[in-house]
Each structure stands twice: as structure tokens, then as C-alpha cells.
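User: Could you walk me through how to read the main features of this structure? I am new to it and would like the general idea each time, then the case here.

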Amino acid sequence: MDLIFLVVPIALALAGFFVFAFLWSVKSGQLDDLESPAVRMLHDDEPSARETPDES
Amino acid sequence: MINVSSSLLSDLACAHCGLPVPCALAPAAGQEGERLQAFCCSGCRTVYFAIHEDGLGRFYDLGRELDERQPARTTDRAYTELDDPSFTETHVEAVGERHSAVELYLEGVHCASCMWLIERLPRVLEGVTEVSLDLRRSVARVVWDQQRVSLPQIARRLDRLGYPVHPAKHLDLARTRRAEDRRQLARLGIAGALAGNAMLFAFALWGGAFSGMAESHALLLRGVSLAFALLSVFGPGRVFLAGAWSAVRAGTLHMDVPVAVALLVGTGWGAANVARGTGEVYFESITAVVFLLLVGRWIQHRQTRSANDAVELLYSLTPSTARRLESGAELHARGTEVPVAALAPGDRVEVLAGETLPADGRLLAGRAGFDLATLTGESRPVVLSPGEEVHAGTLCLDGRVVLEVSRTGVESRLGQLMQLVERASAEKPKLVQRTDRMAKRFVAATLTAAALTALLWSFLDPARAVEQAVALLIVTCPCALGLATPLAFQAAIGRAARRGILIKGGEVLERLAGVGTLLLDKTGTLTEGRLRVTTFEGDESVGPYVAALEQQVAHGAARAILAELGPVPPGFRAEPGEIASTGIEGRVWPSARAEARARELAIGSEAWIRSRAEVPERFERAIAAILLAGESPVLIAEERATVAVLSLSDPLQKGAREAVEQLEALGWEPQLLSGDHPATVAAVALKLGLDSQESRGGVSPEAKLDAVFAARANGLTVMVGDGVNDAAALSAADGGVAVHGGAEASLRAADVFLSRPGIGAVVDLMEGARRTVDVVKRNLAVSLAYNVFAAGLAIAGVLHPLHAAALMPLSSLTVVTLSYRSRTFDAEPRNPRPAR
């Protein structure tokens, strides 16, 4: 059971990685606006064919 | 966007916004080919075609909500000021080598479809890389390539889509607020991760406690848990320690104090036990307390929105540009467009019909009707001639005028008024949180209980005395208590929003749940906000002739008469003579043929007609009756004799009387506070069943503010209004409620905005607020009950860390469930929404 001395640090390192990822996403502003993205995703199902000529 | 009486409206719906189209604008059949497109105003027409030109017609398939419908507004401005180096320096940031980014405040953003439209801009305008809209703040961040497109071009395109652009103000304030938001969220995330991990390690320890565990393993797990607790308490939990410290130093108590005591004692005692290698540890409870309390704080922080300041309010009321005449130019010359900020006293500015005056000043040329409703709340237009004073924010209804600028921006009367709004909101009394009021007794109770426990156990088993006291302090930590209030408010605000009641913060609900004075604005709040013909007495054959003559004028009164007596039969031709603010005189022919006999008519106020025609006895009685009812008589004279009398009034909304009665039944004391004529106000009060002493007319915006201050001295005061002239009073009242259709300034100044028409929503609001406060009280009672129960276990000495770890989330979960399951704003509506 002494494996625990290896497993605990690994678990902590994993947890630390995800905490760091969360902090990065907060700092980069991904979580600033929690309302608009919820609405925005509803709009993304339009057929792309109709829009492509405009992008040229 | 002049209010048009309903019978002037055709049954066609505007192709852009879906509102009814005025008859005058309805296209004749077949005029525009197969598909008939009608528009309620030129703004909607421009936007509709702009959207289709850009291939964004899908906008109309997105299914916009009915409540959100409003006519579009475009301004045709050039936006050259956005290219100014000083603007670039303060507002634009560089992104990479070629791109720039800017935040723009967009007027007219209201729903998800708007977001779709605005964010499609990169597809239609080359050089724009990215547009992302923050729906809550109406602020769009635009990233563009400076070599391929200019900012004024982007602004003009957005304007043409119906979203006039303003530079986002207070970038510093927005930045500090965003930094604070991010800090709170980061704290919350760290606390959550620590709490979750501490709980995992606690499970391992409990497993070990039941089935046996090597001492070295237990030491490792307890050591790591201690590290979690230390990180949590002195990391994210520092806010509670700092709060408690400042409270103690200031000699007051609030809920941070018992929290800090529990955190410090629990961590300290736990650390000692880890060092000793024996005794219980409560690290999972400690980290959970920090996390759950931070959740409560975060919810509360997100509920409150920062108040808008005077400068921002001015945006919505005055145009951003003006057409200035060159110095030395003739009065009839065309002006050149300049930003309003560039106007100086002495400049001459040209204003066309339908435009809003950009500054205070004196009329130099032109004679036109003005809608002063923004400043005075009076719905009737006033005709002003050269030499007279006019104010910024006033709407010019007809004709072209030139004014000489005397005061601009915050110096103008409107600017002063908006500063009053800002000052009034700063003076709004702060409410002491219910939980903070409980803090003193709470601290006393837990400390006493802890002391008693220690005392009791020093007789029973001295070795466990400290252990049990510590357990009690931890387990009574006011965790659910911290969630009880914000959660209940959050749930209620969400429910209210679905019922068309938008509330700016939980505190407002707490105020509205009380009993006090209810100040009601009249025009637009209790009444429909537009004139109507209510009675007509006399020669009815005169009707079409009157309508033909009134068609020449754009006043609200003329429109009301036209709505009742019109439409004008084809062939009728009017030749107006004198047009005054109080009446119109002229000749009307029933057809274009030469032999048609013209009728010479004068239509106007009582005094105006008396000065030029006789009033027979039977009309004298009618006039007296109309005046008694608080309505305005309009006389029609033909060749020096009165032939008909009609009355104009702004009728009460359906259900207004019932709503006022219900509010009285709830314990509120309704009072009328209106800028309209005192006699009219008294008549409305009578119809509402209110004491005439409870109604005041002829009240200026400043006097409304004073009335709120006076009422506040006697207790809780709530103001309900719709106009700019109510804005200061709305922001000063304990609760400010802006009704449907109100001016944007009043919406921003108020704490609550009703997006559903009818005064009945105010009743729903008050009842909902009371139910919400009941939920808060129930939440507090439940969380206190948990604390008492847990304290009992600790005193009895049967409390295990496992109990504490289970009780704490359980109590919080109960509070969450109670908050979201309670009926606050979803009771059946009292006044069903009128069909439109």
C-alpha cells in the first residue's frame, strides 16, 4: 500500500493542472460574459452554403 | 416615433419590427410588386433593406420575442469623430500588427436576434475580423484591420442595421469591475478545487478509521488535508478573515466574524491534532465552508449592477451630432455635421422635423411644435416661435428651425437633470443585510454554547473539552445562512424576469416587501399616455371637414381628433389660415370642383375660440361638464358661431383602478405625483378612488425629487414612473419602478423595469417581493434549525467529523431547493396581458 506515496502526488499534480487551466481561462476573459455565449450557440446551426459567397 | 392613436393604425404589421403600420404609411395594393412590405417608420424601412442587401434575411426567421418588439432607429450620422486621434488614443487598443480593437456601446440591442445580426458584421464588411457582443451591457468588441476599413465605416454600417453607435464610456470603471469579477471567479474556483480534494482525502481517512490504516499513511493524508485547509483559509478564505478583522476594529459585528472564528479555530486545532498524531480533524468541513460562502458572495456580486452616470444617461436623450451653420452663413443655409461636443455657445444649429434638439438655446428662425414630454412630462405639444427658449432633448415635431446655442452637454437643463439623477442615486439609503442584523445574536449564541460545552465536558471528561467546543464552533458556522438570502433573491429575480419584471438587485425586493408611500406618476403610468376624443356634441356633418383641417398639424391633439373624425374622405382639400399652439383656422373644400362650397372653420381651445366666436348656451353646459370631468374641451366654430364641442382626455389604463385598490389592500399608501395640470390630476385621482389630498399636479422634476425626500422622511417610499422627468425621483426612492414604454433614462435610473404593459405588473411585483422575503425568512429559519441541531450533537459529545461533513452540504442543499422550488413570481397573473 506504500504506492499511496506515489499516487497522492500524482493526483495532486493532476488537480493542480486543472486548477491552473481554470485560472488561465478566467484570466484570458473566457468567463467574463456568461450570458451571451449561451444564446450565441443557438445561432450557429445555419446552412453555411448560403453564407460562403459573402466571405470571398 | 410619435404615439399614434390606435385607429390611425392599419392592420398591416411592420416588416421589420412587427408593430402595426400607420395608415398613412401603408402601401397601396400592388405598388411594390408581389410581396407587400409595410413599415411603421423610416428607421425600420432603412434597416429592413440594409439587412436584405447584406444577405442577412435569416434575421427574420430567428423568432424574436413579442415583448422585445420596438421600431428601429437609424441616425444617418457620419461618425467622423471616431477617427479622431484623441478618440483613438483613449479607446482603441492595438491587436497584433495590423488590427485594432475597440468597445462600442450599441443603442437598440435587446435580444438574441440582435446579437446574431451584429456578430454577422465580419461577413458583410470586409476588414472587420471579429465582433462579439455582450448582451447584458449592450457593448460590442470590434476587431478590425485598419488598412482595409475605417472605424467610421464600421459605425455607419452598424447604424444602418438599426444600432446607433456610441463610444463605451468609463473604460476604467469597466476594467476595474472586470478585474474584480475575474478575481472573485478565480477565488471561487480555487476554493472549490480545494474543497473537493479535501473531501476525497476525508473519505480515505474515514475509510481508514473504520478498517484500520498504517500510521504513516494516515499522517500523509492528514498532512495533505491540512495543506488544503491552510491554502483555502489563507488563500480564497482571506476575504472572511479581512472582513472580520475590519468589523472587529470598527467595533461592529457581521457574519464574517463567526465565520473567521470557526475557520481559524478549526484549522489551528486540526493542525495541532495532525502534529500530535491523534484527535479529529475537520478540514473537509472548513474547505466546504469557504467554498459555499464564496458561492453566496459571487451570486450576490453578480446580482448588483453598477448605476449609470449622468453622462451615459444623456446619450439616450440627445443626439451625438448637430448640423452647425457656418459663421456668416444665411439662416436658410444647410449646416454641416459636427459632434455635439464641438458645439459652443453662440453657434447656430439647424434642426429638422422629427429631430431632437442637441443643446439649450434660443430660436432664431422657424416656428414649430415641440414635444416637451422629456422635460416636463406634459404630453401636449407646444408651438414655439423665434426668440423663445428651447432645451436639449426636446423633440421638434414639424418644420425646420435654427437655434442659437446657449448651453450644451451637462450644462444644459437636461444635463442638470441627469446630474440630479446621479446625485439622488448616491444618496439612496443602504440597507443592512438581514443576516448581518442577526450577526450579533448569532455570535453571542455560538460563543456561549461553545463555552458551555467546554465547561460541561471539563466535568465529564476533561480530555475532550476542547475537542467538543471546537466541533461546535465548526458545525455552527453560518454556511447555509450565507447562501439563504442571495439564493432566494437570485431565484426570484430569474422568475420575475420571465414574467416581464426586470429587477436590478436582490436588495430592491427586500425594500419592496415593506409597507409605505407609493408615489405614482400619472401620464403613461396610470393613463394610456396619449390623448383621445371621449365625447362629441353638436353638428356631426362638420366631422370630415375638421379632420381635413387637423390633418395639416402633427400635434397629439390633432392626431386624436383625426383618429376620431377621420379618415378624411378623398377629394377633401384644406387651406389652413392661422395655426397657433391652441388652435387652427382655415377653409375646407369637399371636392376639387369649382362649384364646391368651402366651409370656414376654427378649431381650438375654449379661450381661443371665445376670442373669435360666440358660444351658445347649450355648449356652455357641455363645456362645464367636460371641465368638471378633468378633461380638455375643444371647440369647433363655423363663421363666428360654435357648432360643436368635443372633449380630449388621456384615459386611464384598463385595470388601473383595480391595481390601485389592490396596492392599497397590500398596505401601500398610493399618491399621485404628476407634471400635468392639477385639475386633470385631481380628476384622475377621483376616478381612481384616491383622496384629492393624495394627488399633486404641476410638479416639476426637481419637485418630484423633493417629494420623494419628504416621503422618505416618513418611511419607505416607492416611486412608479415612466418619464425622464421621473428619473431623479426614481433613483432617489427606496424602490424606483419604471413602467413599460418608459424613456430609457427612467429605465436606467429605476431599480425595477416592467417590460410588460399595464400597471397590474406593479401589483405582481409587490406581491412577488413579499413572497420572496418570506422565502428568505424560511431559508434563514431552516439553516438556523440545522445549526441548533448540530450544536446539540456537539454538546452531547456524539458529533463525529463525518456528521459535520454531511450536515453542512445537506443544510445548504435544503436552502438551494427551497429557494428554487418556492413560488415567488409565478402565481397566476392578475391582469392577463391585453391582446395587441
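User: How much of chain B counts as buried?

Analyst: A residue is buried if 20 or more other C-beta atoms lie within 10 Å of its own, exposed if 12 or fewer, and partly exposed in between, with C-beta atoms placed from the backbone. Of the 836 residues of chain B, 46% are buried. This is a predicted model, in which local features need pLDDT of at least 70 and side-chain atom pairs count only at pLDDT 80 or more, while totals for chains, interfaces and linings use all residues. Residues are numbered from 1 along each chain as its sequence is written, and chains are lettered from A and ligands numbered from 1 in the order in which they are written.

User: How many helices and strands does chain B have?

Analyst: Helices (H or I, at least four residues) and strands (E, at least two) are DSSP runs, numbered from the N terminus. Chain B has 28 helices and 29 strands.

User: What does Val737(B) touch?

Analyst: Two residues are in contact if their C-beta atoms, placed from the backbone, lie within 7 Å. Leaving aside neighbours within four places in sequence, the contacts of Val737(B) include Val718(B), Ala750(B), Val762(B) and Leu765(B). For chain B as a whole, take the contacts with a separation of 6 or more: 68% of them join residues 24 or more positions apart.

User: How do I read two helices packing together, say H10(B) and H16(B)?

Analyst: Axes are lines fitted to C-alpha atoms, for helices over the stretch in contact, and angles run from 0 to 180 degrees between N-to-C directions. Helix H10 (residues 283–303) and helix H16 (residues 479–498) of chain B have axes that come within 9 Å and cross at roughly 30°. Angles under 35 degrees count as roughly parallel, over 145 as roughly antiparallel, 65 to 115 as roughly perpendicular and the rest as oblique. H10(B) and H16(B) are therefore roughly parallel to each other. A crossing is left-handed if the near helix is turned anticlockwise from the far one by less than a right angle, and right-handed if clockwise; that of H10(B) and H16(B) is left-handed. Among the residues that meet are Val289(B) and Gly296(B) in H10(B), with Gly482(B) and Pro486(B) in H16(B).

User: What about H7(B) and H10(B)?

Analyst: Helix H7 (residues 215–234) of chain B packs against H10(B) at an angle of about 25°, with the axes 9 Å apart. That makes H7(B) roughly parallel to H10(B), and their crossing is left-handed. Residues in this meeting include Phe228(B) and Ala229(B) from H7(B), and Ile286(B) and Val290(B) from H10(B).

User: Is Asp256(B) buried or exposed?

Analyst: Asp256(B) counts as buried because it has 24 C-beta neighbours inside 10 Å. Asp256(B) lies in helix H9 (residues 256–276) of chain B and touches Phe240(B), Gly243(B), Ala244(B) and Ala247(B), not counting residues up to four places away in sequence.

User: Where does Glu639(B) lie, and what is its phi?

Analyst: Most residues other than glycine have a negative phi. Glu639(B) has a positive phi near 45°, and Arg640(B), also not a glycine, has a positive phi of about 70°. Glu639(B) lies in the loop between strand E23 (632–638) and strand E24 (641–649) of chain B, and Arg640(B) is found in the loop between E23 and E24 too. Glu639(B) is exposed, with 10 C-beta neighbours inside 10 Å.

User: How many residues of chain A are in contact with chain B?

Analyst: 23 residues of chain A are in contact with 24 residues of chain B. H1(A) gives the most to the side of chain A that touches chain B, with nine residues.
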